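Have the model open beside you as we go.

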Amino acid sequence: MDTHNYISSGILENYVLGLLSENENGAVERVIQQNKEVASYVNSLEQTLAAYGQLHAVQPPAELKSKVLDQIRTLQSDADNQKPYNTPVEKQLNNNARPKPIKIWRALAIAGIVVLLVSLSFNIYLSTRQFKTQQQAQDIARQNKVLLNKNEAVQQKLTQAEKQVALMYRSDLQAVVMKGVPQHATFNATVFWNADNRTVYLGNSDLPVVPTGKVYQLWAIVDGKPVSLGLFSPEKNSLPVQMTTIQSGKVQAFAITLEQSGGSPTPTMDQMYVMGATS
Amino acid sequence: MINETLNNEKDLVLALKKGEEAAYSYLYDQYGAALYGHILKMTSNQELSKDLLQEVFIKVFQKINQYDEQKGLLYTWLIRVAHNTTLDKIKSSHFQNNLQTFSLDEKRSDSGNQGSVTTNIDHIGMEKVLTSLDNKYKQVIDLAYFHGLTQNEIAEQLGEPVGTIKTKVRKALIQLRKILNIV
């Protein structure tokens, strides 16, 4: 649309003088809302007519003002009396059948939005709380697991200790403490063995964790010769554990060496950790 | 200046919508004479115009919520309310019956002013405008503005084609705008 042509077409002058049809009025009002130049021109025309109208102004008789204001006061107090149910705006809307549904729908829409907002915030509150509860539950489960593991470890140690104590109190068993050789002086291990039926238990040891691919091997020195009594590694075997029973011969000592995993037919002497004689 | 007027008008409209009595008092002081003058020009009847002015204020109170600042000046809206209220009255059968005792010509309308107080400034201003404004243009404006005639009715009254009236309306307002020095 050419604004200049539109303005000079004369339609706007006819508009402000109320000379257009309803349809034409609607069209002009749409243009006014979209086009600032047209709107400002229409405004100047309205001001022109207003000024022209003011020139014809006639002061109404003096008593008229109080009459008018009395009426306004009456109308206003009527409106105020109905206020709990109807504000002046609503009263006017109620007089007019059409806007009423709009008002109801608006009220419903507002109510709906309020309900939605309340529900949303409640949902957020609940889900936050649920999330927190879940986290707390997870924390507790984790702590529980840790405690359980600790408890198991303690239980195992207790069981081992009980077994060791039981071994110590057995009158048929003889304890042999193996002491650390000079290179491993801090370590100790104990075997319990029965001289009659020649069963052997490795009672306890504080030997270090074995390197990968290695294992400890327990030996008995029988008639001056080493006899393998089996393999163990501290992290796999909970002591005490029964070892291989010794066949015939005089048991002189016990010793532990570090060997390749799978064990060795003869002890590697420079890898001996602890050793103890039977008498 | 214009912005200040607009802001004041916004405040006034807000107060009117709230139903504040002081706002209606201010509205009466500010626009009462213009509305009364307009009604008087349409009816040429002082007693009727007094009743109509009261009716107009009641309608303003009842309809002020329908007024949309986006669509025009408050004054324009007020004049439209006054205009339509008066037109309804004029067209009602009761008024038509009474018409026999009054004539609706311009002289009557002017004589209606005699009993009322109009400021000198307005008279001077009007005289200046009326002498500067071409009579053919004044005629068209008055028929539309004060008497509420349609394009066809004006065309009929002046014995001119509708197209000519449309053009005349434009030229009339442009001249009036110039005389009144409105930007």
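Q: Which residues of α3(B) and α4(B) meet?
A: From α3(B) come B:Leu52, B:Glu55, B:Val56, B:Lys59, B:Val60 and B:Lys63, and they meet B:Leu78, B:Val81, B:Ala82, B:Thr85, B:Thr86 and B:Lys89 in α4(B). Two residues are in contact if their C-beta atoms, placed from the backbone, lie within 7 Å. By class, this contact of α3(B) with α4(B) has six nonpolar, two polar and four charged residues. Here Ala, Val, Leu, Ile, Met, Phe, Trp, Tyr, Cys and Pro count as nonpolar, Asp, Glu, Lys and Arg as charged, and the others, Gly among them, as polar.

A word on the ground rules: this is a predicted model, in which local features need pLDDT of at least 70 and side-chain atom pairs count only at pLDDT 80 or more, while totals for chains, interfaces and linings use all residues. Residues are numbered from 1 along each chain as its sequence is written, and chains are lettered from A and ligands numbered from 1 in the order in which they are written.

Q: Why are α3(B) and α4(B) called oblique to each other?
A: Helix α3 (residues 46-63) and helix α4 (residues 74-91) of chain B pack at an angle of about 125°, with their axes 9 Å apart. Axes are lines fitted to C-alpha atoms, for helices over the stretch in contact, and angles run from 0 to 180 degrees between N-to-C directions. Angles under 35 degrees count as roughly parallel, over 145 as roughly antiparallel, 65 to 115 as roughly perpendicular and the rest as oblique. The pair α3(B) and α4(B) is therefore oblique.

Q: What makes α2(B) roughly parallel to α4(B)?
A: Helix α2 (residues 21-43) of chain B packs with α4(B) at an angle of about 30°, their axes being 10 Å apart. That angle makes α2(B) roughly parallel to α4(B). This crossing is right-handed. Among the residues making the contact are B:Tyr31, B:Leu35 and B:Ile39 of α2(B) and B:Leu78, B:Ala82 and B:Ile90 of α4(B). By class, the contact of α2(B) with α4(B) has nine nonpolar, four polar and no charged residues.

Q: How many helices and strands does chain B have?
A: Chain B comes to 10 helices and zero strands. Helices (H or I, at least four residues) and strands (E, at least two) are DSSP runs, numbered from the N terminus.

Q: Why is B:Ser44 called buried?
A: B:Ser44 has 20 other C-beta atoms within 10 Å. A residue is buried if 20 or more other C-beta atoms, placed from the backbone, lie within 10 Å of its own, exposed if 12 or fewer, and partly exposed in between. So B:Ser44 counts as buried. B:Ser44 is in the loop between α2 and α3 of chain B, and its phi is near 55°, a positive value in a residue other than glycine.

Q: What makes B:Lys50 partly exposed?
A: B:Lys50 has 19 other C-beta atoms within 10 Å, which means that it is partly exposed. B:Lys50 is found in helix α3 of chain B. Not counting residues up to four places away in sequence, B:Lys50 touches A:Pro60, A:Pro61 and A:Leu64.

Q: How do you know that A:Asp223 is exposed?
A: A:Asp223 has 10 other C-beta atoms within 10 Å, so it counts as exposed. A:Asp223 lies in the loop between β4 (214-222) and β5 of chain A, with phi near 50°, again a positive value in a residue other than glycine.

Q: Which residues touch the most other members of the largest nonpolar core?
A: B:Leu35, B:Leu78 and B:Ala144 do, in a core of 57 residues. A nonpolar core is a set of buried Ala, Val, Leu, Ile, Met, Phe, Trp, Tyr and Cys residues joined through C-beta atoms within 7 Å. The largest share of this core, 11 residues, comes from α2(B). Leaving aside its neighbours within four places in sequence, B:Leu35 is in contact with B:Leu53, B:Val56, B:Leu78 and B:Ala82.

Definitions and conventions:
A crossing is left-handed if the near helix is turned anticlockwise from the far one by less than a right angle, and right-handed if clockwise.
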